[in-house]
Amino acid sequence: MTEACHDPPLLTLRDVGMRYPTGTTALVGMSLDVKAGEFVSLLGPSGCGKSTVLRLVGGLDSPTSGQIEHHWDAGGRSAPVGCVFQEPTLLPWATVWKNVYLPLRLQGERRSAARPRVDEALRLVGLEVFSKAYPRELSGGMKMRAALARALVTRPQLLMLDEPFAALDEITRFRLNDDLLALWGKRQMTALFVTHSVYESVYLSTRVVVLSQRPGRVVADIPIDLPFPRGEATRSDPRYHELCEQASAALRLAMGEPAAAAAGGGA
Ligand SMILES: Nc1ncnc2c1ncn2[C@@H]1O[C@H](COP(=O)(O)OP(=O)(O)OP(=O)(O)O)[C@@H](O)[C@H]1O
């Protein structure tokens with residue numbers, strides 16, 4: 001998928017700092033490029049500012065220093081960003097179909113015009129037969145699929161995911177990892193994925209970016225050269241384990257542990 005990358009980067013963070021009005025400095029000197037077609041994971045200790053990066057990129061907050069540049073394609077019908085959070089945050093009183101339709105409805109699109117895109121998003125995540133179900137009738141994994149469909153329905157140029165599978169059991173998580181990668185390949189998307197899991201970050205990504213303890217900044221940028229498609233064979237590939245060790249060592253250093261411990265540690 002790295003072949004799909006081209007210049008200029010879709011997203012550039014240049015020396016970004018973020019100090020909240022409460023006085024907490026979440027980010028200092030954070031620089032990052034994300035090229036079109038990449039799958040970049042942000043890995044870092046709890047509270048280091050990973051979600052803050054997503055908030056800034058999504059325009060929910062403005063950095064207190066530095067710049068964020070986007071090179072969105074302004075001509076097309078696709079939205080700049082789509083977001084998926086750890087909680088699926090579906091409207092409980094609306095069917096799956098209406099939940100997925102919501103972003104288009106908010107853009108003023110009529111139901112009949114939106115139907116093909118909503119149906120397509122549901123098909124992409126394998127929920128087409130549950131379109132009339134209510135969130136309470138879905139499993140945790142299915143709710144997350146619905147949240148993914150809602151993020152995909154606007155065909156975002158950058159899909160941002162904030163620990164989307166953290167609350168799911170391991171089997172469901174592995175399955176959703178594979179489904180997400182299949183979608184990423186099919187849609188030729190660009191993804192920015194926040195996770196605490198070294199294994200998940202290496203499995204999914206073309207690059208793993210490790211952040212320091214708060215205030216967050218990039219301390220390691222690890223290209224993941226595992227071939228696609230990824231699957232069960234990837235998890236037993238010695239190169240996968242080597243890269244997991246490398247990411248794990250970088251994370252331990254980021255957390256202030258000495259290099260010797262970092263070199264020997266697991267995820
Ligand atoms: N709206 C806010 N107002 C004040 N402080 C905030 C706000 N949002 C986040 N913070 C603080 O900024 C720091 C970074 O938070 P952030 O949620 O970005 O970290 P994170 O790496 O995503 O954490 P986690 O991995 O635990 O989800 C934390 O100390 C947090 O308390």
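These are my notes on what I looked up in this predicted model.

**Ground rules.** Residues count from 1 along each chain as its sequence is written. Because the model is predicted, I kept local features to pLDDT of at least 70 and side-chain atom pairs to pLDDT 80 or more, while totals for chains, interfaces and linings use all residues.

**Overall look.** I found 9 helices and 9 strands in the protein chain (DSSP runs numbered from the N terminus, at least four residues of H or I for a helix, at least two of E for a strand). The C-alpha atoms fill a box of roughly 60 × 45 × 35 Å along the principal axes. I also checked burial: 39% of the 267 residues are buried (20 or more other C-beta atoms within 10 Å of the residue's own, with C-beta atoms placed from the backbone).

**Strand E7.** Next I went to E7, residues 190-195, where 6 of 6 residues are buried. Why two faces? In a regular strand the side chains alternate between the two faces of the sheet. In E7, Thr-190, Leu-192 and Val-194 are buried on one side, and Ala-191, Phe-193 and Thr-195 on the other.

**Its partners.** E3 (residues 39-43) pairs with E7 in the parallel sense over 5 bridges (pairing takes at least two DSSP bridges). Here Leu-42 stands opposite Val-194. E6 (residues 158-162) also runs parallel to E7, joined by 5 bridges, and Leu-159 has Ala-191 as its bridge partner. From E6 the chain crosses through helix H5 (residues 170-187) to E7, a right-handed β-α-β crossover (clockwise from the first strand over the helix to the second, with the strands pointing away from the viewer).

Note on methods
Buried ≥ 20, exposed ≤ 12 C-beta atoms within 10 Å, placed from the backbone.
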